[in-house]
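The following exercises concern the structure shown below.

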Amino acid sequence: MPRIVIWLLAALFSLTTVVQAMTFSSLSAQQYNEFKQAGLDKQQLVHSDIAPLLAQHQQNPLFRFAQAGESAQGTPIWQIDIGSGPVKILAWSQMHGDESTATAALMDLLNFIAAEQNSNWRAQWLSKVTLRLLPMVNPDGALAGSRFNSMGIDINRDAKALQTPEGRVLMQVAKAFKPDFGLNLHDQNRFYAVGDSNKPATISLLAPAFNDAKDIDAARKKAMQLIGDMADLLARELPGHLAKYDDTFSWRSFGDTFAGMGISTVLIESGGYPVDDTRQVARQLNTQLLLMSIESIGSGAYQQQPLSAYQTIPFNRDGGIKDVLIDNITLKVNGHNALIDLALDLDIDGSRHARIRDIGDLSIYGSYHQFDATGLEYRAPKAYPLSKPLTLDNAGYLALLREGYSHFSGDKSLLTNHSDLPLLVNPQGLAGATPARHRAATFLLVNDKGVQIAVLNGQLLALSSGKLQ
């Protein structure tokens with residue numbers, strides 16, 4: 001950062017605060033990896049992933065553990081208090097069981113706070129802030145890979161009725177703790193784009209409304225100002241990937257309810273980033289946002305932010321991002337030629353049956369994975385009939401793909417597979433002579449030299465190398 005910028009910032013904040021923000025909020029990848037908790041780089045975290053980590057941290061006198069309650073199936077829900085300051089921050093994660101990103105970030109945060117080399121940094125805020133963490137509010141839903149709890153109820157729509165034990169725990173904690181700030185940590189739809197751009201919304205933020213009019217009281221103003229600090233951090237770390245979440249008032253939701261209770265609530269939604277299916281980019285950003293929030297709230301730095309810093313953040317645009325885009329495919333139909341793009345939905349969170357999501361000029365969209373098919377023509381999937389025993393290795397399978405076969409049909413027991421390539425037997429919902437929306441993403445891409453790419457349940461296999469693209 002140029003010295004003149006530091007001098008200007010020093011006019012607003014103390015130099016100590018500026019150096020802290022530079023040193024700890026803006027962690028380099030190398031610095032972050034020193035504190036990143038191993039074993040959590042996966043799409044779905046369950047209670048058994050974090051239980052041994054919590055047990056280890058429980059031995060640290062910096063952390064005050066208490067069981068806040070338990071889930072409907074009896075799994076403990078822990079609260080962890082850190083610091084003794086008058087300003088209170090409550091942060092909770094995985095209220096939706098299938099939204100794991102921020103839980104991993106909370107484990108990274110605990111590692112960072114516990115590190116001896118950060119003792120001077122801790123001393124800056126331990127007497128100013130009391131931080132209470134509730135990692136994995138919905139452990140039953142996490143185990144099932146479900147948004148809902150084991151009763152089938154969305155905990156985040158239970159803030160008023162309080163029919164779920166998990167919802168009651170969260171409300172009881174909030175009423176007893178009386179936080180000044182609430183950090184509501186979620187994962188969002190991976191198809192959100194930032195405004196009209198083709199960039200995925202890797203992080204979306206919101207100061208939730210407390211009424212239909214979306215009025216701004218003192219508590220909501222503070223939340224907006226804190227988001228202004230967050231926006232500055234994200235503009236440095238990952239410019240162009242910040243959006244604002246839908247601000248429609250949701251009467252039953254905890255964030256909106258807490259906002260109505262005078263808690264300055266910030267919703268942090270973790271989204272996708274290209275070639276990052278387990279959202280590790282969003283995980284690191286979550287950790288940085290948590291660190292920055294502690295610093296900014298402890299020092300009061302957020303109060304210098306204008307509301308315009310929040311208000312100018314573009315909203316999410318649903319459907320702006322695709323899982324896979326294959327550009328410039330030649331399509332020949334009834335004597336007509338067209339150059340099309342195909343968008344594939346990998347259905348990561350569902351049945352894992354990839355589908356064709358859209359067809360045509362898709363140049364306005366972004367994607368997590370992209371392939372240029374210039375010079376290649378669409379060819380319909382074709383079945384190899386299993387009429388006698390067949391043993392396949394990689395070479396034999398690639399030979400069949402080159403002959404134009406994309407999958408197998410018939411008695412599956414006749415096939416012995418020794419290959420390590422994606423292989424389909426009796427797939428359902430295949431497209432025909434032309435690609436079609438909502439049909440299976442299995443087809444071939446060919447040129448005058450034959451089949452070049454086999455798209456097998458959304459995975460692109462290059463026949464020249466035998467490797468997935």
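**Exercise 1.** In this predicted model, determine which residue of S22 stands opposite Ala454, and describe the pairing around it.

Solution. 
Step 1. The strands to be compared are S21 (residues 450–456) and S22 (residues 459–462), which run antiparallel and are joined by four bridges.
Step 2. Within this pair, Leu461 of S22 is the residue opposite Ala454.
Step 3. The hairpin of S21 and S22 has two residues between the strands, and Asn457 takes a positive phi near 50 degrees there.
Step 4. Leu461 also has a bridge partner in S23, namely Leu468. S22 and S23 (residues 467–468) pair in the antiparallel sense over two bridges.
Step 5. Four residues lie between the strands in the hairpin of S22 and S23, where Gly466 has a positive phi near 70 degrees.

**Exercise 2.** State the strand order of the open sheet of eight strands, and explain why one side of S1 and of S8 lacks a neighbour in the sheet.

Solution. 
Step 1. The order is S1-S2-S4-S3-S5-S9-S7-S8, and the pairing is mixed.
Step 2. S1 and S8 (242–244) are the edge strands; each has a single partner strand, so one of its sides has no neighbour in the sheet.
Step 3. From one strand to the next, the twist averages 20 degrees.
Step 4. Strands of a sheet pair through backbone hydrogen bonds, in either a parallel or an antiparallel sense.
Step 5. An antiparallel case in this sheet is S7 (residues 203–206) with S9 (residues 264–270), joined by four bridges. Here Ser204 has Glu269 in S9 as its bridge partner.

**Exercise 3.** Classify the packing of H4 against H5 and of H9 against H11.

Solution. 
Step 1. H4 (residues 47–57) and H5 (residues 101–114) pack at an angle of about 20 degrees, and their axes are 11 Å apart.
Step 2. Angles under 35 degrees count as roughly parallel; H4 and H5 are therefore roughly parallel to each other. Their crossing is left-handed.
Step 3. H4 contributes Ile50, Leu53, Leu54 and His57 to the contact, while H5 contributes Thr103, Met107, Leu110, Asn111 and Ala114. By class, this contact of H4 with H5 has six nonpolar residues, three polar and no charged ones.
Step 4. The axes of H9 (residues 218–237) and H11 (residues 280–299) come within 10 Å and cross at roughly 135 degrees. H9 and H11 are therefore oblique to each other, and H9 passes H11 in a right-handed crossing.
Step 5. On the H9 side, the contact includes Leu226, Asp229 and Glu237; on the H11 side, the residues include Leu285, Gln288 and Ile297. The residues of the contact of H9 with H11 comprise eight nonpolar, three polar and two charged.

**Exercise 4.** Is Ala91 buried or exposed, and which residues does Ala91 touch?

Solution. 
Step 1. Ala91 is located in strand S3.
Step 2. The relative accessibility of Ala91 is 0%, so the residue counts as buried.
Step 3. Leaving aside residues up to four places away in sequence, Ala91 touches Arg132, Leu133, Leu134 and Leu183.
Step 4. As a point of distance, the C-alpha atoms of Ala91 and Thr248 are separated by 22 Å, and the two residues are 157 residues apart along the chain.

Terms used
Residues are numbered from 1 along each chain as its sequence is written. This is a predicted model: local features need pLDDT of at least 70, side-chain atom pairs count only at pLDDT 80 or more; totals for chains, interfaces and linings use all residues. Side-chain values use heavy atoms; hydrogens and water are left out. Axes are lines fitted to C-alpha atoms, for helices over the stretch in contact, and angles run from 0 to 180 degrees between N-to-C directions. Angles under 35 degrees count as roughly parallel, over 145 as roughly antiparallel, 65 to 115 as roughly perpendicular and the rest as oblique. A crossing is left-handed if the near helix is turned anticlockwise from the far one by less than a right angle, and right-handed if clockwise. Contact means heavy atoms within 4.5 Å. Ala, Val, Leu, Ile, Met, Phe, Trp, Tyr, Cys and Pro count as nonpolar, Asp, Glu, Lys and Arg as charged, and the others, Gly among them, as polar. Two strands pair if DSSP finds at least two bridges between them. Buried means under 20% relative accessible area, exposed over 50%, partly exposed in between (1.4 Å probe, protein chains only).
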